[in-house]
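Trainee: Please take one part of this model and look at it closely. Then place it in its surroundings, with the cut-offs stated as you go.

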Amino acid sequence: MAETLFRKVWNQHAVRQLPNGQTQLYVGLHLIHEVTSPQAFAALAERGWPVAAPDRTFATVDHILPTRTLARPLADSMAETMTSALERNCRAHGIPLFDPSTGSQGIVHVIGPELGLTQPGLTITCGDSHTSTHGAFGAIAFGIGTSQVRDVLASQCLAVSPMKVRRITVTGRLQPGVYAKDVILAIIHTLGVGGGAGFAYEYGGETIDRMSMDERMTICNMSIEGGARIGYVNPDQTTFDYLRGRRYAPQGDAFDRACAWWSSLASDPDASYDDHVTIDASRLAPMVTWGIDPGQSAPVNGHVPTTADAPAGDRARIEEATAFMGVVPGQPIAGTKIDVAFIGSCTNARISDLREAARIVRGRHVAPHVRGLVVPGSQAVAVEAEREGLPEIFRAAGFEWRFAGCSMCLAMNPDRLNGREVCASSSNRNFKGRQGSPTGRTLLMSPAMVAAAAVAGEVTDVRSIIGAGARP
Amino acid sequence: MSASTITRIEGPTLVLRGDDVDTDRIIPARFLKAITFDGLEAHVFEDDRAEATRAGRVHPFDDPARRDARVLFVNHNFGCGSSREHAPQALYRRGLRAVVGSSFAEIFFGNSVAIGLACVTVSPADMARLMAEADADAARACTVDLHGLVLEMGSVRVPVSMPPSARKGLVDGTWDVTGLLLDRYEDVTRVAAALPYLRNFDAA
């Protein structure tokens, strides 16, 4: 019978039906970090339970790490407490911890794939909503809360409810200067920030097929911003080529056997879906958010919407957003002045993102009033960037080059906006106060667009810079 | 591990209007810097409350008349964004025991049920009626009956819905599922043993 990847992976991991009707699902890989795990470990200790599968559990520290210095103890005593708690819990339960001393530390959704832990056909959970990132490999990956982190630690299983699958077919060739980030922002704009509730999103079509793993990760990462807890891409040769030789990927003959299994998991051509949406990407322009959720975006050559244009149900939300952002309905998107440029986050801080941003800023300089920050997604990304000379390019252009972590995406470390600053950001959320200042304002866009905005001092169409001769 | 049964939530209400209220607003990230959930209730909607104060308004969570609220009324896609359980924890510790809205973000919903905070949905039209009813009288209690799936408030009586598994968990007192997941662990071992990636992709 023709099936989707989602059903095949789900069925292989289903243990049994629970009395409440939910499915007990085996978790193939559990990733943990310092923010959402301490209370879960405390609950285990309280009940006297061991960790069921420490060999399928991997930890890193990412959210609260400062990016200027990693000297211990950390200057922020709460950050130190959280880091120490994670170290203690990992030691007590025999869980590998990729801290900065290992050279493998980084944002949890960047290092899982890098290490080859993330593989097709796995069920992957982590106490972080951007766990959907790992779906880029054809895994069923989703974010969970701390009670569920406790459940997985204790049992390596979760109680989950069935989901529907929406196929999102993306067609057409992206114009130069238009990236995966623009595709996912356009998808979220089209389907709404709550449109994916109850669905796993399967991304496919020629545009997705042509994308690198980095680009697919950007797409899957932001599924949750469209309300879909899960987003995935069927595994193919691009996936296999990425994984070959990675530390935790199968080695030798086992890799070939793995590829055969992984291939068998891809959705069958005649699989049926609960919904199907097609997006033409050939006409997309770079996207920029103007509001307070990732669905409130427009093409860079577009305008902030007027309430008159909007459906009645959206008007209050638009008014709330324009008031908070200090923008006027009908105002052009390009030309919005920025104060800060942030290149980082689990959405867009992989090596290809940094290369693309460096290509834009090389030989240029950030505008005098702009504070620019580049935070690589992982130590491995940083090492590769250094090998390619990217930090020098960023520094020469007036950016600060920092240590790896989540940084200003959510500002749990010292990197944050001040007052009402406006930040051009390659991250994933433009919620009120998201970047650490309750009145700070975030404009989401691709890393290349952030680079262009940093140079211009205002939102600008990166295509004009590429057209004017960015050096590849 | 057994949990208490939750069949009926009764008490005063609190109205928080607006679609797509994200978990960063419910509890800003700076308050996640802790290794327990203790004290989160003091910071629930902290930045929104400050914003309201600056604008000369009283945020619903600062309204003294709503201090004892047990039931929170919200609109569409409440709790979107981050998976932080700190959000429902903050609401629960503030004294709330049910959230009634026209829809919920999925992770927030699951996190809420996992700590015994009932989230039920009503139609947008009913939500508007309920909010008007709540605005009219802060002292008026509402009752959410998870057995009968009905909400009563003064003269208003509306049907509520909840996914059957979540409802059953609360009503039967099995919403804390860890114990269930550890039952009959031989089933888990059997499923794991058949997974190719746990056997170096050797044929079964």
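Mentor: Start with helix 6 of chain B, residues 164–172, where the buried residues are B:S165, B:A166, B:G169, B:L170 and B:V171. Buried means under 20% relative accessible area, exposed means over 50%, and partly exposed lies in between, with a 1.4 Å probe and protein chains only. The model is predicted, and local features need pLDDT of at least 70, side-chain atom pairs count only at pLDDT 80 or more, and totals for chains, interfaces and linings use all residues. Residues are numbered from 1 along each chain as its sequence is written, chains are lettered from A and ligands numbered from 1 in the order in which they are written, and side-chain values use heavy atoms, with hydrogens and water left out.

The cover over the buried residues of helix 6 of chain B includes helix 4 (106–114) and strand 4 (118–121) of chain B; contact means heavy atoms within 4.5 Å. After helix 6 of chain B comes B:G173, with a positive phi near 75°.

Two non-glycine residues of chain B also have positive phi. B:N77, with phi near 60°, sits in the loop between strand 2 (71–73) and helix 3 (86–93) of chain B. B:N77 has a relative accessible area of 3% and is therefore buried. B:F201 has a phi of about 60° and belongs to the segment after helix 8 of chain B. With 7% relative accessibility, B:F201 is buried as well.

Chain B as a whole has eight helices and seven strands, and its C-alpha trace spans about 65 × 40 × 25 Å along the principal axes. Of its 204 residues, 58% are buried. Among contacts in chain B with a separation of 6 or more, 70% join residues 24 or more positions apart. The accessible surface of chain B is about 8,000 Å², and carbon and sulfur atoms hold 51% of that area; areas come from the Shrake-Rupley method with a 1.4 Å probe, and for residues only the protein chains shown count as cover. The 23 positive and 28 negative charges of chain B have mean positions 2 Å apart. Lys and Arg count as positive and Asp and Glu as negative, leaving out His and the chain ends, and each charge is placed at NZ of Lys, CZ of Arg, CG of Asp or CD of Glu.

Strand 1 and strand 2 (residues 23–26) of chain A share three bridges, and A:Q17 stands opposite A:T23. Axes are lines fitted to C-alpha atoms, for helices over the stretch in contact, and angles run from 0 to 180 degrees between N-to-C directions.

A second open sheet in chain A has four strands in the order 11-10-9-12, with parallel pairing. Strand 11 (230–233) and strand 12 (275–280) of chain A each have a single partner strand, so one side of each has no neighbour in the sheet. Neighbouring strands are turned by 25° against each other on average, direction ignored. Strand 9 (residues 164–171) and strand 10 (residues 199–204) of chain A pair over six bridges, with A:R167 bridged to A:E202. Helix 6 of chain A (residues 180–191) packs on this sheet against strands 9, 10 and 12 of chain A, at about 125° to strand 9 of chain A. Helix 8 of chain A (residues 213–221) packs against strands 10 and 11 of chain A, at about 155° to strand 11 of chain A.

Elsewhere in chain A, strand 6 (residues 123–126) is covered on both faces: A:T123 and A:T125 on one side, A:I124 and A:C126 on the other, are all buried. Strand 6 of chain A pairs in parallel with strand 3 (residues 29–32) of chain A over three bridges. Four bridges join strand 6 to strand 7 (residues 140–143) of chain A, also parallel.

Terms used
Pairing = 2+ DSSP bridges.
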